[in-house]
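This report describes the pockets of one protein model. The sequence and structure come first.

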Amino acid sequence: MHLQCGKFSLPFDRPILMGVVNVTPDSFSDGGKYATLESAVAHARLLIEEGADMLDIGGESTRPGAQPVPLDEERRRVLPVIEALAECGVPLSVDTRKPELMEEAIRAGASMVNDIGGLESRFALDVLARSSAGVCIMHKQGDPQTMQQNPVYREVVSEVRDYLAARVAVAIDTGIARERIVIDPGFGFGKTYEHNLALLRRLPELIGLGLPVLAGLSRKAMLGQITGRSAEQRVHASVAAALFAVQQGAHILRVHDVTATRDAISVWTALAGTIGVFPIQTARRYE
Ligand code: HH2
């Protein structure tokens, strides 16, 4: 299996690390740290140096309770960062729900779209179909403003799996090749602690759909519920969760802490003898 995104082809012979670059004043774990063009680009370059295989660049926080960001403001935050990094050598993903921005970001150099809206907009589907970009289709229940108030499922794992399978079928029908698609259960997006746990423990049921699975657990509230620590203090907890996700079959890990995650996965895969050694020196370029 491999992921085709723009000019890049990513094999899944080892876990892929997607480093998070939040160009926002209010993200839940790093809000305000990378809100300027200079700080965002410097952080992105640092993540690449640390061994990020790809970057996810976002201009709207989608933490529970977050206010929506107008298109013009999101554009102003994200596009200059993508333009500045267009030749950085790793695929750039744009984390947005807005089809206009998806299109502009692809034009500016993004190779992937990360749509927490599950590619439900017709416009977004058409933008993707017209491009060669990869796409991450994520499940969420409700909208960030209210999604954590009372999430209810009949059976969370089968509902999320069936939703993703249906969205993938629509995407393929629209002309987006299967090799360009990644799926994501959307940890924390309209899910209680128990829902998140069920999805993680039964991740193999999503893997069974035959598509690469992205897991975004980094610094999330469920880790705070386990450890009692604040978002900035959840690095070790995030690494443990990332290792567990890999064991459960996750292909891509969306992480804030690249060095820590990379070291842990390197050691774990070397010791387990499953995927072979994965030292930072072998961070690769895909073109
Ligand atoms: N989580 C966040 C944002 N985007 N995209 C995918 N595909 N999967 C995720 O789990 C996911 C995501 C939330 O994390 P972060 O970007 O750090 O925070 P914020 O939304 O507050 O900017």
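Helix H8 gives the most to the lining of the second largest pocket, with 4 residues. Helices here are DSSP runs of H or I with at least four residues, numbered from the N terminus. A pocket is an open set of points on a 1 Å grid over the protein atoms alone, where a 1.4 Å probe fits and protein lies on both sides within 12 Å along at least five of seven lines; lining residues have an atom within 4 Å of a point.

The model is predicted: local features need pLDDT of at least 70, side-chain atom pairs count only at pLDDT 80 or more, and totals for chains, interfaces and linings use all residues. Residues are numbered from 1 along each chain as its sequence is written, and side-chain values use heavy atoms, with hydrogens and water left out.

In the second largest pocket, H6, H8 and helix H9 (235-247) each supply at least two lining residues. Among the lining residues are Leu 197, Met 222, Ile 226, Ala 241 and Phe 244.

The largest pocket has 30 lining residues, and those closest to its centre are Phe 28, Thr 62, Arg 63, Phe 189 and Lys 220. Helix H6 (193-201) and helix H8 (221-227) are the elements that give two or more residues to this lining. H8 gives the most here, with 3 residues.

The table lists volume (the space filled by probe spheres set on the points, which are joined across faces, edges and corners).

| Pocket | Volume |
|---|---|
| Largest pocket | About 480 Å³ |
| Second largest pocket | About 180 Å³ |
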